[in-house]
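Visitor: I would like a quick tour of this fold. Please take me through it step by step.

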Amino acid sequence: MRKFFTTEDIFKITGVTKRKIIYLDKINLVKPCFRRKSKYRLYSFEDLVFISLVIFLKERGTSLQKIRKKIFPNLLRLIKNNKINIDNICFWFGNLNQIIASNGEIYTSGIDLSRRFSVEDLKNKVEKVFNEK
């Protein structure tokens, strides 16, 4: 799997426009892991996960403010404290306002969705787009 992704790569994988990706950077929601002097942005796989998650949540009516202030801080805390691993995250958002991570732990998040987000699905999409295995 690639270590870094350009804004063009992210567009190919997710359909998110370069303009939206740059906007997420400008509002400090998802920053690139590396920026060259030419302002060329490079994103890690973890950054790609967070961009995809932002889009997933936005498409289901969650505000950027709620993502920034409630969801991402809790998610980052769980990852930092090694409660969940970014590589195998799989969330089911249900009516109970909870996130159920792939390890079976349940974390309250204050969102009400009824759809699944899976990092494994995202990895498969990356492999498909770039014909990697």
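Guide: One definition comes first: contact means heavy atoms within 4.5 Å. Keep in mind that this is a predicted model.

Visitor: In what order do the elements of the chain run from the N terminus on?
Guide: The secondary structure comes to five helices and six strands. From the N terminus on, the order is α-α-β-β-α-α-β-β-β-β-α.

Visitor: What percentage of the residues of the chain count as buried?
Guide: Buried here means under 20% relative accessible area. The chain has 133 residues, and the buried share of them is 44%.

Visitor: Among contacts with a separation of 6 or more, what percentage comes from residues 24 or more positions apart?
Guide: Take the contacts in the chain with a separation of 6 or more. Residues 24 or more positions apart account for 53%.

Visitor: Why do the buried residues of α2 line one face of the helix?
Guide: Helix α2 covers residues 18–26, and its buried residues are Ile21, Ile22, Leu24 and Asp25. Seen down the axis of α2, they line one face because they fall within an arc of 155°.

Visitor: Which residues are exposed on the other side of α2?
Guide: The buried residues of α2 include Ile21 and Leu24. On the other side, the exposed residues are Arg19, Lys20 and Lys26.

Visitor: Which elements do the buried residues of α2 pack against?
Guide: Both helices and strands are involved. The strands are β1 (34–35) and β2 (41–42). The helices are α1 (7–14), α3 (45–59) and α4 (64–80).

Visitor: Is aspartate 25 buried or exposed?
Guide: Aspartate 25 lies in helix α2. Its relative accessible area is 2%, and the cut-off for burial is under 20%. Therefore aspartate 25 is buried.

Visitor: Which residues is aspartate 25 in contact with, leaving aside neighbours within four places in sequence?
Guide: Aspartate 25 sits 26 residues from isoleucine 51 in sequence, with 9.9 Å between their C-alpha atoms. That pair is given by C-alpha distance. The contacts of aspartate 25 are Val30, Lys31, Pro32, Arg35, Arg41 and Tyr43.

Visitor: Is threonine 7 buried or exposed?
Guide: Threonine 7 has its place in helix α1. Its relative accessibility is 11%, against a burial cut-off of under 20%. So threonine 7 counts as buried.

Visitor: Which residues does threonine 7 touch, not counting those up to four places away in sequence?
Guide: Threonine 7 and leucine 48 are 41 residues apart in sequence and 9.8 Å apart in space, C-alpha to C-alpha. The residues that threonine 7 touches are Lys18, Ile21, Arg41 and Tyr43.

Visitor: Which residues is aspartate 9 in contact with, leaving aside neighbours within four places in sequence?
Guide: Aspartate 9 is also placed in α1. It is buried, with a relative accessible area of 8%. Its contacts are Arg2, Phe4 and Phe130.

Visitor: How are α1 and α5 oriented to each other?
Guide: Their axes come within 9 Å and cross at roughly 110°. Angles of 65 to 115 degrees count as roughly perpendicular. So α1 is to α5 roughly perpendicular.

Visitor: How do the residues of the contact of α1 with α5 divide?
Guide: From α1 come Asp9, Lys12, Ile13 and Thr14. They meet Leu122, Lys125, Val126, Val129 and Phe130 in α5. The division is five nonpolar, one polar and three charged.

Visitor: In which hand of crossing does α3 pass α5?
Guide: α3 and helix α5 (residues 119–130) pack at about 110°, with axes 11 Å apart. They are therefore roughly perpendicular to each other. The crossing is right-handed.

Visitor: How do the residues of the contact of α3 with α5 divide?
Guide: α3 gives Phe45, Leu48, Val49 and Ser52. α5 gives Val119, Leu122, Lys123 and Val126. The division is six nonpolar, one polar and one charged.

Terms used:
Residues numbered from 1 in each chain as written. Predicted model: local features only at pLDDT ≥ 70, side-chain atom pairs only at ≥ 80, totals over all residues. Heavy atoms only, no water. Buried < 20%, exposed > 50% of the residue type's maximum accessible area, 1.4 Å probe, protein only. Helix = DSSP H or I, 4+ residues; strand = E, 2+ residues; numbered from the N terminus. Arc of directions from axis to C-beta. Axes fitted to C-alpha atoms, helices over the stretch in contact; angles between N-to-C directions. Parallel < 35°, antiparallel > 145°, perpendicular 65-115°, else oblique. Left-handed = near helix turned anticlockwise from the far one by under 90°. Nonpolar A, V, L, I, M, F, W, Y, C, P; charged D, E, K, R; others polar.
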